[in-house]
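Student: Could you take me through the aromatic rings of this protein in one close look? I would like to know how they pair up and where they sit.

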Amino acid sequence: MNMKKIFKRTSLLLATALIGVTVQAQKSPQDMDRFIDALMRRMTVEEKIGQLNLPVTGEITTGQAKSSDVAKKIEQGLVGGLFNLKGVAKIRDVQKLAVENSRLGIPLLFGMDVVHGYETIFPIPLGLSCTWDMAAIGQSARIAAIEASADGISWTFSPMVDISRDPRWGRVSEGSGEDPFLGGAIARAMVLGYQGKDLNDQLKRNDEIMACVKHFALYGAGEAGRDYNTVDMSRNRMFNEYMYPYEAAVHAGVGSVMALFQRSGRCARHRQPLADDRRAAQTMGLQRVLW
């Protein structure tokens, strides 16, 4: 996905969070394109790269935002978002630094691992999957989005849809189990819960947050259940048993995709599954992400 598309997605989220739905509704896609084009012409290479920087900032406490190392980078335009900063007061202080003290005043995007609830805690994803109740699962994501967005969080790194069939793997509990049909249904329910049910009108309300499907692809199939280990799998098994939940999330409009870290064959597995099969890529709607 190129820089302009990233800016379009994040600008829509940030504008909604900062100035409200009513004003944002007056902005047409053409207006947003012109705004982003003009902004990017003003940006230095360092500032463009900085928009891809998402440091972990859990150490920032209220009143200390201006003195932290991260704060200095924010003022220099070298940070695009912050990861796992919780608390509306902290988020407000840091956001003011970006908007008021940086050269271009680009707001930050705040992301967090809102996996099975934010303030209201729900069962872990594996537990939720045992219900086979898509309405309840979707509602858990809806509640999490409402609570997280109230604090200023606009991006969650969920749902994790990796199929896992080896109980030795340490992250089995974060997924939906071993069944791709169930995993796909849950992926769709979670994405719609976070981002909104109307595919043509997602991420325009103040209480909706961007979802991130992970980890593309085959993260749960590492050899011997060892985290980040090599994946060795036929293409037939890969597409029949592992890929469907990612596809379901994409068709539900998921706003972002997180890659995994393993290698399989000659290249990283987040690229290989579809790089050799453009028909499959078009089916999943991921061609713009991969090349």
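Tutor: Let's start with F83 and F157, which are both buried (under 20% relative accessible area with a 1.4 Å probe and protein chains only; exposed is over 50%, partly exposed in between). This is a predicted model, where local features need pLDDT of at least 70, side-chain atom pairs count only at pLDDT 80 or more, and totals for chains, interfaces and linings use all residues. Residues are numbered from 1 along each chain as its sequence is written, and side-chain values use heavy atoms, leaving out hydrogens and water.

There are 5 aromatic pairs in the structure (Phe, Tyr or six-membered Trp rings with centres within 6.5 Å; planes under 30 degrees apart are stacked, over 60 edge-to-face, the rest tilted). F83 and F157 form an edge-to-face pair because their planes meet at 80°, with ring centres 5.3 Å apart. This pair joins distant parts of the chain, 74 residues apart: F83 lies in strand 1 (residues 81-83), and F157 in the loop between strand 3 (155-156) and helix 9 (DSSP runs numbered from the N terminus: helices are H or I, at least four residues; strands are E, at least two).

Now look at F216 and Y246: their centres are 5.4 Å apart and their planes at 85°, so they too are edge-to-face. F216 is buried, at 4% relative accessible area, and Y246 is buried at 2%.

By contrast, F181, in helix 9 (residues 180-195), counts as exposed because its relative accessibility is 57%.
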